[in-house]
Amino acid sequence: MNFFLETIQVFLLSIWYNVESFIHLFVPKKKKNIAGEVVLITGAGSGIGRLMAQEFAALGPVLVLWDINQEGMKETARLAKNSGASRVHYYLCDCSDKNEVYRVADQVKREVGDVSILVNNAGIVTGKKFMDAPDSLIEKTMEVNIMAHFWTYKAFLPAMLANNHGHLVSIASSAGLIGVNGLADYCASKFAAVGFAESVGLELLASGKDGIKTTIVCPYFINTGMFDGCQTKWPRLMPILKPDFVAKKIINAVLTDQVYVLLPKSMYFIAALKNILPMKQGILLGQYLGAFNLMDKFKGRSIKQE
């Protein structure tokens, strides 16, 4: 295809995709049926992981929960069963340990079956400025927040590829789109999570595996305790998010094969501005939005997979 024809094709398809997006503002996308699918959620012992398990439970999949907190997983399993789940399995797994991920993944395959919806949710935050963060905590942040994604993809993607069927969900962060003062290691891990998920998604499309979907979730701070003490400068524009709201948005995105989920919606506009504004103006925008002071009163809680 020559340059002129391909340019015309891209132009016309772009118009159609915009029309399609406009239509979906008024006509919701059809939701897919996930009954019988095997859904694995990392970091399922508390927070968003627990709430996602409860939301998934009513939709009929088999739930597989991973965390380092066994008591937390037991409680999540109980709540999921109360929400309608017929089968819930839970496994102790330190996602920062590659060998443990592979070992527990093999156990899941033997005891439950092939995972068809993988939700990489486990995450930690040190809350320290870069030069104050011990090397061990920086390494742990990268191991949990991004390296674990590599190992879970390696473990569960082969079955999805064989069937050309599956869904990869990455719970990243708005800090994976915009740098934040005092979150250098966390931002690095979340930028990596976004880039990794995007790149693998493109690999799948390029190889014709269009039955495997990707969803990348980039929320602002969520009120789960992980970022206790953090304050937002403009609550109406960028509110601290309610966990149940975020969980429902994530499940809806999975059911409608939505690729990107930025929360709140103002993040779409802010992320776009960051990419088009001159550097000095972008820094000014960051100051205006409070990116220099968000972590000033950070308390958080003891570091664990969330």
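Student: Which residues of α6 does α5 meet?

Tutor: Contact here means heavy atoms within 4.5 Å, and helices (H or I, at least four residues) and strands (E, at least two) are DSSP runs, numbered from the N terminus. This is a predicted model, where local features need pLDDT of at least 70, side-chain atom pairs count only at pLDDT 80 or more, and totals for chains, interfaces and linings use all residues. Residues are numbered from 1 along each chain as its sequence is written, and side-chain values use heavy atoms, with hydrogens and water left out. From α5, the residues involved include Leu137, Ile138, Phe150 and Leu161, and they meet Asp185, Tyr186, Ala188, Ser189, Lys190, Ala192, Ala193, Phe196, Ala197, Val200 and Leu204 in α6.

Student: How do the residues of that contact divide into nonpolar, polar and charged?

Tutor: Ala, Val, Leu, Ile, Met, Phe, Trp, Tyr, Cys and Pro count as nonpolar, Asp, Glu, Lys and Arg as charged, and the others, Gly among them, as polar. On that basis the contact of α5 with α6 has 16 nonpolar, four polar and two charged residues.

Student: At what angle do the axes of α5 and α6 cross?

Tutor: The axes are lines fitted to C-alpha atoms, for helices over the stretch in contact, with angles from 0 to 180 degrees between N-to-C directions. Those of α5 and α6 come within 9 Å, and the crossing is at roughly 15°. Angles under 35 degrees count as roughly parallel, over 145 as roughly antiparallel, 65 to 115 as roughly perpendicular and the rest as oblique. That makes α5 roughly parallel to α6, because the crossing is at roughly 15°.

Student: And α4 against α5: at what angle do their axes cross?

Tutor: Helix α4 covers residues 98–111 and α5 covers residues 135–163. Among the residues that meet are Val101 and Tyr102 in α4, with Trp151 and Phe156 in α5. The contact residues divide into six nonpolar, one polar and three charged. The axes come within 9 Å and cross at roughly 30°.

Student: Which strands stand at the edges of the sheet?

Tutor: Two strands pair if DSSP finds at least two bridges between them. The open sheet has seven strands, ordered β3-β2-β1-β4-β5-β6-β7, with parallel pairing. One side of each edge strand is left without a neighbour in the sheet, because each has a single partner strand: these are β3 (88–92) and β7 (260–263).

Student: Which residue in β7 stands opposite cysteine 218?

Tutor: Strand β6 (residues 212–219) pairs with β7 in the parallel sense over four bridges. Helix α6 (residues 184–206) packs on the sheet here, touching β5, β6 and β7. Opposite cysteine 218 is leucine 262.

Student: Are the residues of β4 buried or exposed?

Tutor: Buried means under 20% relative accessible area, exposed over 50%, partly exposed in between (1.4 Å probe, protein chains only). Ile117 and Val119 point one way from β4, while Leu118 and Asn120 point the other way. In a regular strand the side chains alternate between the two faces of the sheet. All of these β4 residues are buried.

Student: What is the bridge partner of leucine 40 in β4?

Tutor: Strand β1 (residues 38–42) pairs with β4 in the parallel sense over three bridges. On the β5 side, β4 pairs over four bridges, with asparagine 120 opposite serine 170. For leucine 40, the partner is leucine 118.
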